[in-house]
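Below are some notes for a colleague who is opening this structure for the first time. Please read them with the model in view.

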Amino acid sequence: MQPILIQEVMKTLPHRFPFLLVDRVLSVENGEVHAIKNVSVNEPFFTGHFPTEPVMPGVLIIEALAQASFFCMHESLEPGTIGYLAGIDGARFKRKVVPGDTLHLHARLEFMRRGLGKTTCRAEVDGQLAAEATILFAVGKG
């Protein structure tokens, strides 16, 4: 498949700056997604987290994984469908994510039933695990 570029990402996700946290989807295959977030020093959260040692907040890494998870069903969803975060299990943070990093977002769809879904996710930087979580979401009309 061709990568899903930012213009198509914005057609799929309702998020906008500063909360659009997927820059490109590299692959979608058999319910598995590989997307990226380019982490820039210009991100608004770095001014306060932390001024002398900028670190991407863990909750935003989880949000990026949740947004990437939505692409697990990209081709089977009707236009206008939105995924709502319903739960997070087993979130663990293993490595700092700092300006200049490319955050690789991996999500695997475990199930999707009656508007509820579950993905197993991990975020990596330079091949090292940065974070992992199981994400539950509800799918509805926007």
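1. Helix H2, residues 58-69, has 12 residues and should span 16 Å at 1.5 Å a residue; its end C-alpha atoms are 17 Å apart, which agrees. The expected span of a helix is taken as 1.5 Å times one less than its number of residues. Helices (H or I, at least four residues) and strands (E, at least two) are DSSP runs, numbered from the N terminus.

2. This is a predicted model, in which local features need pLDDT of at least 70 and side-chain atom pairs count only at pLDDT 80 or more, while totals for chains, interfaces and linings use all residues. Residues are numbered from 1 along each chain as its sequence is written, and side-chain values use heavy atoms, with hydrogens and water left out.

3. How many of the 12 residues of H2 are buried? The count is 9, and the helix is mostly covered. Buried means under 20% relative accessible area, exposed means over 50%, and partly exposed is in between (1.4 Å probe, protein chains only). Among the buried residues of H2 are Leu60, Ile61, Ile62, Leu65 and Gln67. The buried residues of this helix pack against strands S2 (32-38), S3 (81-93), S4 (102-113), S5 (116-125) and S6 (128-141).

4. Thr12 belongs to another helix, H1 (residues 6-12). Thr12 counts as buried because its relative accessibility is 15%. Leaving out residues up to four places away in sequence, Thr12 touches Phe70, Phe71, His74 and Thr81; contact means heavy atoms within 4.5 Å.

5. The UniProt record, an unreviewed entry, places the feature "active site" at His49. UniProt positions are given in the numbering used here, feature names are shortened, and annotations may be inferred rather than shown by experiment. In the model, His49 is found in the loop between S2 and H2. With a relative accessible area of 25%, His49 is partly exposed. Not counting residues up to four places away in sequence, His49 has contacts with Pro54, Val55, Met56 and Pro57.

6. There are 5 salt bridges in the structure. A salt bridge is a side-chain nitrogen of Lys or Arg within 4 Å of a carboxyl oxygen of Asp or Glu. Side chains of opposite charge can pair when their charged atoms come close. One of the bridges joins Lys96 and Glu53 at 2.2 Å, N to O. This pair links distant parts of the chain, with Lys96 in the loop between S3 and S4 and Glu53 in the loop between S2 and H2, 43 residues apart. Lys96 is partly exposed at 47% relative accessibility, and Glu53 is partly exposed at 40%.

7. Glu43 and Lys37 also meet in a salt bridge, at 2.8 Å from N to O. Are these two residues buried or exposed? Both Glu43 and Lys37 are buried. Arg122 forms a salt bridge with Glu124, with the closest N and O atoms 2.8 Å apart. Here Arg122 counts as partly exposed at 37% relative accessibility, whereas Glu124 counts as buried at 18%.

8. How many disulfides does a search of the whole structure find? The search finds 0, a disulfide being a pair of cysteine sulfur atoms within 2.5 Å. The sulfur of Cys72 has its closest cysteine sulfur in Cys121, 7.0 Å away, which is too far for a bond. Cys72 is buried at 10% relative accessibility, and Cys121 is buried with a relative accessible area of 4%.
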